[in-house]
Amino acid sequence: MTTFPFGLTVWRWVRRIFLTMAVAALVFWTVFPFFWILLTSLKQPLDVIAAPPKLIFEPTLQNYEAIFIGQKRGLYASTRPDFPNFFLNSILISCGAVGLSFLAGIPASFALARYTFRFKEQLAFLFLSFRFAPFITFLIPLYILFQQLNLYNTYTGLILAYQLISLPFTVWMLRSFFMEIPPEVEEAAKIDGCSWWGVLIKVILPLSLPGIAVTIILGFMFCWNAFNYPLMLAGRQTFPVTVGAIQFISYEQVLWGQMAAASLVAVVPQLILSLFVQKYIVRGLTMGAIR
Amino acid sequence: MSRPQAPARHNKSILPYLLLSPGLLLLLGMLYPFFLGVYYSLTNYYLQYPHLFRFIWLQNYLKLLEDPLFSYSLKFTLSYALVAVVVQVGLGLAVALLLNGRIIGRGVLRAMMLMPLMMPPVITALMWKIMMGSTKAGILNYLLSFAGLGPVNWLGAVNSAIVSVFIIDTWGNLPFVSLILLGGLQSLPSEPYEAARVDGAAGWGVFRYITLPLLKPFIILAGTFRVMVSVRIFYVIYAATVGGPADATMNLHMRAFFYAFQWYQMGMGMAYAMVLLILVFLASYFLMGYWKRAAEQTSL
């Protein structure tokens, strides 16, 4: 009788210690890479390649200076990649792609959410299938076409290519948000004499504003992450940050410190934006399949 | 006499098609290059020698079948996806159970899990490349040395490069699986658990006979997405190993890319791409069906 509660407490302690260790391991596994990249980005070139790795060193901001100056300031431009430009390119291309996807996606997702018509599911699936096709099936012909149409290394071309990422996502996300609005609200508006246009503008869009904001932010983030299409369709003038960051690796050398700094800078918008859409990230990644 | 009313939403008007048209137009703009690509896969298109351009029917595909590099890529692609989905879903379930338990700072942990998830995969690969580093200076080998292990030649040797790619991929995608499964765990009904407690069931039995069956649609959904993405994994491999060493991490996607953009054999590259596309299509077709059935059974 006395040993039983004692055994139970021991068991409870073992369990608690085990759980704490598991949580600690999870935290370490997730956070350590960020911590190490931060340290690397603050190191001078010799400290970066020191063996064994240095935990204590004299920090420097030179790597950040180098990537922020880019190629504009002649003499001081020690780096080959032109990072500030890449950053602006990322913003421009992602905004363009999301904007275009929204113009085309709002009416499309409204139709898919609110009407029944022939081939509806097939059309919806057509949109989705573009998202899941391996990008190389589009990249090779697009590369050839863009050379012929003078779209290679242009923002227009890249924004068009990014539609493969942002349009299917926008249509499916918006559709899932539109479907959450009860049809009765819409019926009431119709009785008041609203046409489909009035229903869309006065009822659906205002009621799904939060969903629209989430879709915009997530769409922007997915475009920001894209690496595949710009890798071959963009040139030095139109590279986004993802392709820009890999430019620190060349045949002669790897600029580890600058690459670490660039990686962290490239991630900042993602970390900030994800704060706003925390609850919706899984929904976004499953194209609205999971609420 | 009242007129018979047409069903409100069953109009045969062309309005929905009109609404869809801008989006479809954009996609059709992409269907053209797609079919152009299918056509190229039946030609011997060399980018540098356009005058040799010839329609060669299925010769590219026949050449694939005899190519040992193709069979390696195919095997690597399939086995990678299989191992990835099993290990990542297994680990993801463990993490989800951990986060679902009574632990301190659950909200913070959840938010923390989102960080790797929203990283550009290329940047993830570069971060790990820095940590794997050269054999002597890499922090991972330094940490391993405290456990008396290593040094590991992470990205430099055949087997370790495959494992390294898998580690990087898992770091970025484990949160995806865990968060889906965590969402699943939190949406489970409490009645079966109360009934189990009344019956005196606990621990493993509850997990095996209540939690797992109820969680099945979520597990299948997470697995489906992981399979579909692992089959065409590219970013991580490109940034970490560029398919090396000795072509060990050359999956179909990388090989298609190399044919097209290193050797400028657009026709052969497209043939590889088509094989990959068929694989992805088959996988998604069957898994989506499987998921729908599982979801209906448990009325998700």
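Colleague: What covers the buried residues of H6(A)?

Modeller: The cover includes helix H7 (155-178) and helix H11 (228-233) of chain A. From chain B it includes helix H1 (15-40), helix H11 (252-261) and helix H12 (266-297). Contact here puts two C-beta atoms, placed from the backbone, within 7 Å. Helices are DSSP runs (H or I, at least four residues), numbered from the N terminus. This is a predicted model, where local features need pLDDT of at least 70, side-chain atom pairs count only at pLDDT 80 or more, and totals for chains, interfaces and linings use all residues. Residues are numbered from 1 along each chain as its sequence is written, and chains are lettered from A and ligands numbered from 1 in the order in which they are written.

Colleague: How many residues of H6(A) are buried?

Modeller: Ten of its 13. Among them are A:Phe138, A:Pro141, A:Leu142 and A:Phe146. Buried means 20 or more other C-beta atoms within 10 Å of the residue's own; exposed means 12 or fewer, and partly exposed is in between.

Colleague: Where does H6(A) bend?

Modeller: At A:Leu142, by about 25 degrees. That is the angle between axes fitted to the seven residues ending there and the seven starting there. Helix H6 (residues 136-148) of chain A reaches 19 Å from first C-alpha to last, close to the 18 Å expected. The expected span is 1.5 Å times one less than the number of residues. Just after H6(A), A:Asn150 takes a positive phi of about 60 degrees.

Colleague: Now the two chains. How many residues does each give to the contact?

Modeller: Chain B gives 66 and chain A gives 71. On the chain B side, H1(B) gives the most, with 14 residues. That side divides into 55 nonpolar, eight polar and three charged. Nonpolar covers Ala, Val, Leu, Ile, Met, Phe, Trp, Tyr, Cys and Pro; charged covers Asp, Glu, Lys and Arg; the others, Gly among them, are polar.

Colleague: Different topic. How is chain A divided?

Modeller: Into domain 1 (3-74) and domain 2 (83-285). The bounds come from an automatic or database domain assignment. Their C-alpha centres lie 32 Å apart. The contact takes 13 residues from domain 1 of chain A and twelve from domain 2 of chain A.

Colleague: Which helix gives the most on the domain 1 side?

Modeller: H3(A), with five residues. The residues of that side divide into eight nonpolar, four polar and one charged.

Colleague: Last one. Why does B:Ile210 count as partly exposed?

Modeller: Because B:Ile210 has 17 C-beta neighbours inside 10 Å. B:Ile210 lies in helix H9 (residues 204-231) of chain B. Leaving out residues up to four places away in sequence, B:Ile210 touches B:Pro192, B:Tyr193 and B:Ala196.

Technical notes:
Helix = DSSP H or I, 4+ residues; strand = E, 2+ residues; numbered from the N terminus.
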